[in-house]
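Welcome, and thanks for taking a look at this fold with us. Please keep the structure open as you read through the notes below.

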Amino acid sequence: MSDVFTDENEFVAVDDKRYIVLIIYDIVDNKCRNKMVKCLEGFGTRVQKSAFEAYLDKKRYEKLVNKASRIVNTQEDSLRIYLLADHTSVRSWGKGHTHVEDVIIF
């Protein structure tokens with residue numbers, strides 16, 4: 001279950017910065033979905049039913065990509081991890097509007 005799809009022009013995180021990371025998944029199997037939730041809770045905050053937001057440095061980002069990509073069944077599921085680069089802001093309304101930076105414990 002570990003096919004990792006990357007774009008040829010994949011953005012690479014820089015060592016000394018932290019990034020907003022958005023993780024979205026659609027996982028069919030309940031056991032795999034629960035495993036993904038458990039994994040993502042270790043990195044960030046759930047902002048929607050199948051979406052997490054995290055504020056990570058390069059090392060944690062790479063660890064997240066490695067762990068999360070091993071959970072999905074690439075034949076049935078989907079996983080998207082967005083690394084939001086400079087000049088990116090997140091605006092939100094309603095539940096889960098607390099910025100992830102306020103709740104991550106390092």
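This is a predicted model: local features need pLDDT of at least 70, side-chain atom pairs count only at pLDDT 80 or more; totals for chains, interfaces and linings use all residues.

Two strands count as paired here if DSSP finds at least two bridges between them. An open sheet is formed by 4 strands in the order 2-3-1-4, with antiparallel pairing.

**The sheet**
- Strand 2 (45-48) and strand 4 (78-84) are the edge strands, each of them pairing on one side only.
- On average, neighbouring strands of the sheet are turned by 30° against each other, direction ignored.
- Over 3 bridges, strand 2 pairs with strand 3 (residues 51-57) in the antiparallel sense.
- T45 has E53 as its bridge partner in strand 3.

**Helices on the sheet**
- Helix 1 (residues 30-41) packs on the sheet and touches strand 1 (18-26), strand 2, strand 3 and strand 4. The direction of helix 1 makes about 170° with that of strand 1.
- Helix 2 (residues 58-71) also packs on the sheet, where it touches strand 1, strand 3 and strand 4. The direction of helix 2 makes about 140° with that of strand 3.

**Helix against helix**
- Helix 1 and helix 2 pack with their axes 9 Å apart, at an angle of about 170°.
- Angles over 145 degrees count as roughly antiparallel, and helix 1 and helix 2 are therefore roughly antiparallel to each other.
- Helix 1 brings C32, K35, M36, C39 and L40 to the contact, while helix 2 brings L64, K67, A68 and I71.
- Sorted by class, this contact of helix 1 with helix 2 has 7 nonpolar, 2 charged and no polar residues.

Technical notes:
Residues are numbered from 1 along each chain as its sequence is written. Side-chain values use heavy atoms; hydrogens and water are left out. Helices (H or I, at least four residues) and strands (E, at least two) are DSSP runs, numbered from the N terminus. Axes are lines fitted to C-alpha atoms, for helices over the stretch in contact, and angles run from 0 to 180 degrees between N-to-C directions. Contact means heavy atoms within 4.5 Å. Angles under 35 degrees count as roughly parallel, over 145 as roughly antiparallel, 65 to 115 as roughly perpendicular and the rest as oblique. Ala, Val, Leu, Ile, Met, Phe, Trp, Tyr, Cys and Pro count as nonpolar, Asp, Glu, Lys and Arg as charged, and the others, Gly among them, as polar.
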